[in-house]
Every structure is written in C-alpha cells, then in structure tokens.
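Hi,

Here is the structure I promised to pass on.

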Amino acid sequence: MNYAQRFLIKPGSKVKLSNIDPHFKDAHVSKKDALKLIELNKLRLRALQELLYAEHKRSLLICLQAIDTGGKDGIIRHVISAMNPQGCNVASFKPPTSLEHDHDFLWRAHRDMPIKGNVTVFNRSHYEDVLVVRIHDLVPKSVWSKRYEQINEMEKYFSANDTHIVKFFLHISKDEQLKRFKERLDDPSKHWKISESDYTDRAQWDNYRKEFEDMLSKCSTEHAPWYVIPANHKWFRDLAVSQILVEYMEGLHMDFPEPSVNIGHIVKTYYVAKK
Ligand code: ADP
C-alpha cells in the first residue's frame, strides 16, 4: 500500500475526520513485520538525513499536530530519534511567552525554521494559532479566520526558499484518548505528563474536530501537504510516518557534494608517496 497516496489530504479537498478510521491498519502487514520495517525505515532515514546534511542546500520541516495523547512524542521517540542530533532538532510550541506574544503569530515559527542541511520537527506548531486559539477564544474570528491564508503564504515562501515541509496529523479516536489518559493515571512514571487542560480540553473534543478539519482542508497544499495518519495503533502510526518520510526524502534526489579537495592528489601525497 502506498501510504503517502492513501493518507495525503489532496489540496482543496474538504476533510471530514469521521470518514477517516483512526483504527485503520494495513491488512497486509502484521505488527511483527511492521516493527521490522520501522527499523529498516529508521536506517534509511538516518542515511537520508546524512545526505541532507552533507549536501547543505536545503532543509526539512516536519510538523506534528494531534489531540492530547495523539502520539507526537511517540513519533519523535520512535521515528525521528533515528536521525543524528547533529543535524536535527525539535521545537515545541507552548503557550506564547510575552516576547512571542508581542510579535506576529508566525514570528516564532519563522525563528525556529531549520537551517540548511537540517531537519526540524515542530512538536505542535504555528497551527496552534488556529486551533487552541479558536477553542479558547483567544482572538476574535476576524483575526483567526485570516490566518489560514497567512500560514499558506508563509509555507509557500519557505518552500520556495528550499525548506521542504511535511505535516502529519495523528488521528486517534475519543475512546483511544480515554484509554491513554487512564494508562497515564495508572502509571506513576507518567503522572508528570498530566495537566488539568487535558481533561478540560477533552470536553471540547467535538469542537477540536471542527478546528482540525478546517486546518486540514484549508492548509494542505502542493508545497506543504498534510497527511492524516490513523494513530490508534501506535505501531501502524510509526510505520506510516516513517515510510512517508523515507519516500519523501528519497524524492528529493539528493547527492553528496563534490569533494572540496583533490582526492587523487591527497592519496598520492599522503598514502602512495609514503609507502
Ligand atoms: P504537549 O501537550 O504538546 O506535550 P504541553 O503539555 O507543554 O505539551 O502543552 C503545550 C500547550 O501549549 C498546549 O496546551 C497548547 O495548546 C498550548 N499552546 C501552544 N501554542 C499556543 C498558542 N499559540 N496559544 C495558546 N496556547 C498555545
């Protein structure tokens, strides 16, 4: 199955999350095989990231969005961790600091964009400014409604300037979220992850669905596509994301740069001559 094709939100299409099964998994791949495939994908990702770093011509931004417990941290831990930290970093989007607040809403996204040769993961992202901001009425509709176009413009600008952008929405069901919250409550080592807003926001589930649908419908573009990944099965989520990333990076057709020195001369001078 071609996961990129299957989970891509086609630009201009209207997304209804109730039509996308969060419990979906590939009937042809068992969990056991998936775990092996994920390990292979991680090796490929590491090699591709090294190419990106060596080539030093462009960068890759990976945006992760999901409802609480949706698996953003899991993707970073299980998939992105394959990459060499030398060329990869994670930017987490928390409630804006007062400095961030005093800037336009895209300022911090711009600030944290990957430099040439690097991969940056946005754990949450500038999309919070059309998600949580809407849910909690932090700005009026006249402000947030313009942001979709402003986000598309910013992403277009970055992609025209050699930052490739891939966005994953990790889609879990309401039942699965409840199960994961309960697991957190049962496991003292996960208590630190629990915040009151997890539970108050849960009551907003149906509103969030609408905000997510707007984000996906309005902001999946040729240059910065959204993929909706069925994420109830963690192993399938990791398989699909790693597979899509590998294929995306392979599609960049990267090459190692030409050496900056004359290799023949070096061999002759330092190895052959000294024999
Ligand atoms: P996570 O849940 O991703 O592990 P946190 O528990 O620190 O991380 O949550 C980050 C919080 O910051 C979330 O509740 C998110 O909605 C909030 N946040 C992010 N961006 C904004 C924003 N622009 N305005 C208000 N709140 C935001």
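Below is what turned up, taking the sheet, then a helix pair, then the ligand.

One thing before you dig in: this is a predicted model.

Let's start with the sheet. Five strands make up an open sheet, and if you walk across it you meet them in the order E2-E3-E1-E4-E5, with parallel pairing. The edge positions go to E2 (88–92) and E5 (226–230); each of these has a single partner strand, so one side of each has no neighbour in the sheet. Going from one strand to the next, the twist averages 20 degrees.

Now the helices. H2 (residues 31–55) packs with H11 (residues 234–250) at an angle of about 30 degrees, and their axes are 9 Å apart. The H2 and H11 crossing is left-handed. On the H2 side, the residues making the contact include Leu35, Ile38, Leu45 and Leu48, along with Lys31 and Arg44. H11 brings in, among others, Trp235, Leu239, Val246 and Met249, plus Asp238 and Glu250. Sorted by class, this contact of H2 with H11 comes to 11 nonpolar, 4 polar and 4 charged residues.

Which residues come nearest to it? There are 13 residues around the ligand, and the nearest are Lys72, Lys94, Pro95, Arg124 and Glu128.

- Lys94: a polar side-chain atom sits 2.7 Å from a ligand oxygen atom.
- Glu128: an N or O atom of the side chain is 3.1 Å from an oxygen atom of the ligand.
- Asp129: a polar atom in the side chain lies 3.2 Å from a ligand nitrogen atom.

That's everything from my side.

Cheers

Methods
Residues are numbered from 1 along each chain as its sequence is written. This is a predicted model: local features need pLDDT of at least 70, side-chain atom pairs count only at pLDDT 80 or more; totals for chains, interfaces and linings use all residues. Side-chain values use heavy atoms; hydrogens and water are left out. Axes are lines fitted to C-alpha atoms, for helices over the stretch in contact, and angles run from 0 to 180 degrees between N-to-C directions. Helices (H or I, at least four residues) and strands (E, at least two) are DSSP runs, numbered from the N terminus. A crossing is left-handed if the near helix is turned anticlockwise from the far one by less than a right angle, and right-handed if clockwise. Contact means heavy atoms within 4.5 Å. Ala, Val, Leu, Ile, Met, Phe, Trp, Tyr, Cys and Pro count as nonpolar, Asp, Glu, Lys and Arg as charged, and the others, Gly among them, as polar. Two strands pair if DSSP finds at least two bridges between them. A residue is near a molecule or strand if one of its heavy atoms lies within 4 Å of it. A polar contact is a pair of N or O atoms within 3.5 Å; within protein, one must be able to donate a hydrogen and the other to accept it, and residues adjacent in sequence count only if both atoms are side-chain atoms.
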